[in-house]
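Hi there,

Here is the structure I promised to pass on to you. Have a look at it first, and then read my notes below.

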Amino acid sequence: EKGGYDYFMLKEIAEQPKAVADTLLGRIGTDGRLTLDELRMPASVLREVDKVVIVACGTAFHAGLIAKYVIEHWTRVPCEVEVASEFRYRDPIMNDRTLVIAISQSGETMDTLMAVRHAREQGAKVLAICNTNGSTIPRESDAVLYTHAGPEVAVASTKAFLTQLVACYLVALYLGQARGGRRDNEILTVIAQIGDAPKQVEQVLGTMEPVRALARSLADTHAVLFLGRHVGFPVALEGALKLKELAYMHAEGFAAGELKHGPIALIDDGLPVVVVVPSPRGRSILHDKIVSNIQEIRARGARTIVIAEEGDEAVVPYADHLVRIPATPTLLQPLVSTVPLQVFACELATAKGHEVDQPRNLAKSVTVE
Ligand code: M6R
């Protein structure tokens, strides 16, 4: 049932182009607009929403962090993201104009479920983004948008994450579309561009051999740092989480701009630092800033592993290892930039001799609070 792969995780990483395509399937109309009638949330309800709150755990929380950037950008509705286990204990402010989005692969995560219950008690509308048909979280929510990743067996989430991102993009674009406004044209352009994602993920998967070789060469390392900016910051957090859970290594993700406020003190001779570089096109200020960050850490001895778009030549002089990803609009970049980090963690853990599908101390679905 592993389809010829040694581990479910490898199989699930390879299935990502299809998982992404399946999650998009039937949701984009022939007129280029989104058709999410399945949500059964009328445009009038979506127009009234004045705050979005996302609750999730672990990898799903990272998808939520990325969703905040796109929701606020495309809809101009304020969005908060919180780990579900913290949410209800701080007496969060909600009412019937609050849209709570609960993201969960399994639909059974107790922390997320308790957050959903709390939100509904306060009168908020809850939309679940879930991969498991008929599981508890969608059953207890007002609406659900299913991800179509298929069953995810490996404890470390990979294809579910990419499809959660797709679902978050769809919800953000749909909310923007329903509300109308000055981002209308941009929304239509992005709906057209997101259709390229499966092909681009496939392209990344086809170029991973050097990443595997690099991961194997780092099997004796004790720590790896991950840096990103903007939507690349949650990608850095996700890369670090994968490495923690699979390779049992000290791995941290930071917003690159925070380096100088403390973490730069960690940089030591030979410390591997993975940097997720935003597109040099569009918001190039982000790009320029991260290039200086790479220079800063390299000057202090870091071994830089740079994930950058094809054609981005500015990073070349400062990259000890360069991983190319296809050019994408900045906001969609996580769909491709996450993939090398999954492969990196899986290979490094395998090189250490770990059981990648079933890491120690972890369960696929955490059904206790
Ligand atoms: O089933 P869920 O999406 O609610 O699970 C949430 C987390 O437990 C899960 O993403 C966990 O962090 C993964 N092991 C990460 O790879």
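Which residue has a backbone N or O atom that lies 3.1 Å from a nitrogen atom of the ligand? That residue is Val155, and the pair is a polar contact (a pair of N or O atoms within 3.5 Å). Taken alone, the ligand exposes 410 Å², and the protein buries 90% of that (accessible areas by the Shrake-Rupley method with a 1.4 Å probe).

Before you go on: this is a predicted model, where local features need pLDDT of at least 70, side-chain atom pairs count only at pLDDT 80 or more, and totals for chains, interfaces and linings use all residues. Residues are numbered from 1 along each chain as its sequence is written, and side-chain values use heavy atoms, with hydrogens and water left out.

A polar backbone atom of Gln105 is 2.6 Å from one, and a backbone N or O atom of Thr59 lies 3.2 Å from one.

Now the surroundings. The ligand has 13 residues around it (each with a heavy atom within 4 Å); Ser104, Gln105, Ser106, Thr109 and Glu245 are the closest. Helix H4 (58-75) and helix H12 (232-247) each supply at least two residues of this shell, and H4 gives the largest share, 3 residues. Helices here are DSSP runs (H or I, at least four residues), and strands are too (E, at least two).

Finally, the whole protein: there are 14 helices and 10 strands. The C-alpha atoms fill a box of roughly 55 × 45 × 40 Å along the principal axes.

Enjoy exploring!

Technical notes: Polar contact = N/O pair within 3.5 Å; in protein donor to acceptor, adjacent residues only side chain to side chain.
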